[in-house]
Amino acid sequence: MRLSRIIMALTVGLAVVAVPTAAGAAQPQPTPSATTDPTQPPPYTPTVASLTVNRPAIFLGETVLLTGTNFGPNEIVDISVTVAPLAAPAAGQAPARRSDGTTVAMKPVAYQASAPLNFTAFTNAEGRFTKSYKPSVTGLLTFTATGRDSDRRASTELQVLHKKQPLPVTGDSLGTPMKLGGGLVGAGAVMLLLTLAWRRRQRFGGAAH
């Protein structure tokens, strides 16, 4: 009896010790990938600069407003402008035909000013700038802005069209109607004089008979 009691006490004690161990083993352990190290900096996300225009197309002589964002704070931004024709002919395209039947090859033409053009803008503390620009050429303008310190770059496009103007009224165009009117007035005066002379002749001729 004494031996059986000892064996039973040992069995109960081992069971009590084994229960917490099994419970601890059943709990899921965190994986190394799920743990975060507070001493490590967050992953780097690059800042993307942007450049926009307030109007996609303007007529020559009008002004456009350029807006840049997400550049470096308080830095100089270099802006270059390149010019391309609005409608370049495709490869193998037939030449244009004049009204007299002759043809002329279509190719890019020279503009009033050479490209590229260059100017600068200055950002504020938030890396933002606005710059007004008045093109002196027609065509498809591409603006490219580059921050000197941040080296961030952005670009945008603008169409500059020929401004429609009314046909000028010249001295020649006014002279033709005036000459025509003057001729009609003169002809009327001559006819009036001839009519008066004919009536006078008829009157005095009748009196003589």
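Figure 1. Of the 209 residues, 17% are buried (under 20% relative accessible area, 1.4 Å probe, protein chains only). Contacts (heavy atoms within 4.5 Å) between residues at least 6 apart in sequence join residues at least 24 apart in 69% of cases.

**Figure 2. Surroundings of Glu75**. Glu75 sits in the loop between strand S3 (64-69) and strand S4 (76-84). Glu75 is buried but has no salt bridge (a side-chain nitrogen of Lys or Arg within 4 Å of a carboxyl oxygen of Asp or Glu); Arg152, the nearest side chain of opposite charge, is 6.3 Å away. A polar atom of the Glu75 side chain lies 2.8 Å from the backbone nitrogen of Gly72. Beyond neighbours within four places in sequence, Glu75 is in contact with Ala121, Phe122, Thr123, Gly147, Arg148, Asp149 and Ser150.

Figure 3. Leu193 belongs to helix H2 (residues 171-208) and is exposed, with a relative accessible area of 58% (exposed: over 50%).

**Notes.** Residues are numbered from 1 along each chain as its sequence is written. In this predicted model, local features need pLDDT of at least 70, side-chain atom pairs count only at pLDDT 80 or more, and totals for chains, interfaces and linings use all residues, while side-chain values use heavy atoms, without hydrogens and water.

Technical notes: Helix = DSSP H or I, 4+ residues; strand = E, 2+ residues; numbered from the N terminus. Lys, Arg positive; Asp, Glu negative; His and termini not counted. Polar contact = N/O pair within 3.5 Å; in protein donor to acceptor, adjacent residues only side chain to side chain.
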